[in-house]
Each structure stands twice: as structure tokens, then as C-alpha cells.
Amino acid sequence: MNEKIALVEDEPDLARLTAQALEQEGFRVSTYFDAAGFYRSLDKSLPDLILLDLMLPDADGLDVCRIIRRNETWQSIPVICVTAKGGETDRVLGLELGADDYVVKPIAYKELAARIRAVLRRGRAEAPPARLSIGDGAVEMDPERFEVRLAGKPLELTTTEFKLLYLLASKPGRVFTREQILDKIWGNEKIVLDRTVDVHIKNLREKLGEAARYLKNIRGVGYKVES
Ligand code: CA
């Protein structure tokens, strides 16, 4: 819960009001005042949804939308465009470029929150968590049943270990930094330390035995699963 919204909006007052309104609706909000700052943030952690003003000081929001949709890591993040009144062309283009929805300024916050929830729900409905296989079936994960099989036999993992392995295995070959892992799995429990990730990985590796070779530590960066 407490989905993380990236708000990309260059007008400070509007950004503040929007962030406040969304926080009252129970979302976590990070605000970025230009496209450059927003892109930098995506390298560190991914939001659950992007609320994107189309008129930014350093970029055309439509280009930002296009770039998000073409990036392998970012493309599945839902985007809601914020357009000026009368910006009919922007709205159509935004949707054509892959935005999930749009809202028109001045923003009606209750409506915005409802649209955000609808888009997030849709995203979940369209993509039920997939079964995953690591190392050509050496490890099989069924996220709907929270079951793991190691060489065909049931393997007991804690919820955290399961989530951690599933996260890494869902993007084979991609390196996740400790910060990204913390953010994805522990969200806003700020008390969790970087070392926590290492401890869970260590436990996972022990349980995986032979198959631990697919779970790689990239020194100084983070972890990945090779498939
Ligand atoms: Ca603007």
C-alpha cells in the first residue's frame, strides 16, 4: 500500500498543493521540478505511477512520455498526463504515446485520486504476477501461491526472501542496488538498513544451495539473478 507517486511539475505552488492533496489520499509523493531531475530519480528507484505535467521547463512532456515507454525498465510504470485546459491535441498525443490517462488543469484532486487508483488497479488486473523459473527450472516460483520449488521439491522461504528472490528473478540479468531492493520490498519502513538486504541474501543463498550460483553479488553495486 501507500503507492509512490512521482509528481513532475515545475510550478512550485501547484506542485505543493498537488502533493499535499495526494498525501492526504494516502499516497507517497516525490516531486520533481524538471525532466532532468525526474530521470535521475528513476535511476535510483521506480515510482508506482508518474503524474506528468506536459509543459516542463527543460522538456516537452510528450517526449518524456515517449522516453518512458521506450525504456525497458520504466515502460511498465503507469503515466497520467496533466494538460492545460483546451490542450486537446496534447491529450490525444499523450494517450497515443502510451499515457494511461490524463487530467486537465485546474486539477480536481478527488477526481485525480480516483483516476490514480483506477489506473493502479488496472495495472494490477492486467498483469497478474507471473510464475518464474530460474536456471532453466532449477528454481520455480509461483507468486500466487507463494510457493517455491528447488529441483522440483518445495522450498521454505520467508515472505521477505520470497519477495526478494522474485524481484531479482523478474528481471534476469538486471542489477538491483540495495537501495532499489529496500525501496521495492520495505517501502517506507525507513528503519531498515542496507545490511538487511545482505542478510536476507545470505539466508536465501544458503537455502538455495547449488542454485545459489544464479544469485550474484555485484560488488559495490547490488545483486542480480542470472537465468
Ligand atoms: Ca508546467
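What follows covers aromatic pairs, an arginine and a glutamine in this predicted model.

## Aromatic pairs

The ring count here comes to five aromatic pairs. Take Tyr39 and Trp74: these two are stacked, 5.9 Å centre to centre with 10 degrees between the planes. The pair ties together distant parts of the chain, since the partners are 35 residues apart. Tyr39 belongs to helix H2 (residues 35–44), while Trp74 sits in the loop between helix H3 (61–70) and strand S4 (79–83). Trp74 counts as buried because its relative accessible area, 10%, is under the 20% cut-off.

Now look at Phe162 and Tyr166, which are stacked at 6.1 Å centre to centre, with 10 degrees between the planes. Both are in helix H6 (residues 159–170), four residues apart, or about one turn of the helix. Phe162 is buried, at 3% relative accessible area, and Tyr166 counts as buried too, at 18%.

## Arg174 and Gln180

Arg174 puts its charged end over the ring of Phe176, 4.2 Å from the ring centre. Arg174 is also one of the residues touched by Gln180.

Is Gln180 buried or exposed? Gln180 is buried, with 9% relative accessible area. You'll find Gln180 in helix H7 (residues 178–186), with its side chain reaching the backbone nitrogen of Thr177 at 2.9 Å. Leaving out residues up to four places away in sequence, Gln180 touches Asp43, Lys44, Ser45, Arg174 and Val175.

Notes:
Residues numbered from 1 in each chain as written. Predicted model: local features only at pLDDT ≥ 70, side-chain atom pairs only at ≥ 80, totals over all residues. Heavy atoms only, no water. Helix = DSSP H or I, 4+ residues; strand = E, 2+ residues; numbered from the N terminus. Buried < 20%, exposed > 50% of the residue type's maximum accessible area, 1.4 Å probe, protein only. Polar contact = N/O pair within 3.5 Å; in protein donor to acceptor, adjacent residues only side chain to side chain. Contact = heavy atoms within 4.5 Å. Phe/Tyr/Trp six-rings, centres within 6.5 Å; stacked < 30°, edge-to-face > 60°. Lys NZ or Arg CZ within 6 Å of the ring centre and 35° of its normal.
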